[in-house]
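User: Please take me through this model by question and answer, beginning with the setting and then moving to the details.

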Amino acid sequence: MKQNVWVLGASWLLSLALAGCSGGGGAAADAGRITVGFSQVGAESEWRTANTASVKQALGGADFKLKFSDAQQKQENQIKALRSFIAQRVNVIAFSPVVESGWETVLREAKAANIPVVLTDRAVKVSDDSLYATLIGSDFVEEGRRAGRWLLDDSKQVTGPVRIVELQGTVGSAPAIDRMKGFHEVIDADKRFQVVRSQSGDFTRAKGKEVMEAFLKAEGRNIDVLFAHNDDMAIGAIQAIEEAGLKPGQDIRIVSIDGVRGAFEAMKAGKLNATVECNPLFGEQLAQLIRDVAAGKPVPKRVQVQEGVFTRDQAEAELPKRKY
Ligand code: AHR
């Protein structure tokens with residue numbers, strides 16, 4: 001596995017030592033603790049709420065001083081937060097990028113300031129991957145493939161066309177791009193499957209409902225399957241399907257991604273057919289990575305979060321075990 005050593009960790013240690021001599025300012029004044037600037041995407045979904053709680057709990061420990069900022073799903077807010085962390089001379093910046101592109105400049109500023117960056121959950125597209133130390137998150141392409149494989153498996157008895165509508169996540173975000181790619185990799189090989197409508201619901205329940213209403217208006221009863229890039233949009237869409245007088249989970253089969261409690265409840269009620277797990281509870285793993293990066297230890301460039309797929313028949317037994 002590719003290893004990555006951030007010499008910056010050593011410079012952090014040096015800055016702590018110097019702060020001890022000079023009385024230092026900014027982040028270095030908290031000698032012994034790692035000051036982390038964390039910029040979160042927002043609070044758009046149950047998944048995100050669980051992720052924020054996990055990160056806050058892990059970085060709330062004695063080793064850390066956490067500066068947390070909520071970007072409200074806006075890249076410009078994240079860039080502002082990152083610049084403010086740089087100005088405050090935090091020891092490590094961690095952030096979950098709203099979208100993939102547009103980070104080059106601010107990441108160069110962090111690098112010039114010798115502040116290592118840890119990406120959480122979502123990837124960035126940059127020409128130089130030394131602009132970040134490591135990324136901890138899920139394999140979104142594989143999640144899309146898993147949703148596609150579930151659909152293939154569940155369609156064994158179907159001989160005619162399968163008309164699919166797709167609720168995409170935030171435009172330009174890594175999970176939206178990758179989940180779509182993975183899903184298509186699997187279903188495109190089988191001519192029965194056609195995605196007849198595909199639009200962003202921005203990962204929220206409200207938007208998921210609104211866009212599903214529009215799909216139903218345009219397609220009437222000619223929708224066989226809904227693929228939603230997250231559970232929240234699926235839950236919003238379930239409401240729209242019911243309001244249209246149809247039975248979610250039966251008239252329209254639904255597969256989504258995340259594995260939040262709300263999805264298990266919907267599966268238990270027979271309204272959602274399957275959810276592909278995307279585990280948000282990586283706060284402790286992140287904390288350890290940050291410790292290693294700050295100490296200048298080698299870290300893998302990519303750290304994978306473990307996850308599975310759950311179907312309706314497992315919902316009742318799994319629900320009490322769900323931690324998010
Ligand atoms: O980046 C992870 C995605 O972001 C989750 O699937 C979704 O629920 C969240 O908003």
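**The ligand and its surroundings**

Analyst: Because domain 1 (32-138 + 280-306) and domain 2 (140-278) both give residues to the shell around the ligand, it lies between them; the bounds come from an automatic or database domain assignment. This is a predicted model, in which local features need pLDDT of at least 70, side-chain atom pairs count only at pLDDT 80 or more, and totals for chains, interfaces and linings use all residues. Residues are numbered from 1 along each chain as its sequence is written, and side-chain values use heavy atoms, without hydrogens and water.

User: Which helices each supply at least two residues of the shell?

Analyst: Trp47 and Arg48, as well as Pro175 and Arg179, are among the residues that surround the ligand. The helices, taken as DSSP runs (H or I, at least four residues) numbered from the N terminus, are α2 (46-58) and α6 (174-187).

User: What share of the ligand's accessible area does the protein cover?

Analyst: Oxygen atoms of the ligand lie 2.9 Å from a side-chain N or O atom of arginine 48, 2.8 Å from a polar side-chain atom of arginine 179 and 2.6 Å from a side-chain N or O atom of aspartate 258. Of the 280 Å² that the ligand has on its own (Shrake-Rupley method, 1.4 Å probe), the protein covers 100%.

Notes:
Near = heavy atom within 4 Å. Polar contact = N/O pair within 3.5 Å; in protein donor to acceptor, adjacent residues only side chain to side chain.
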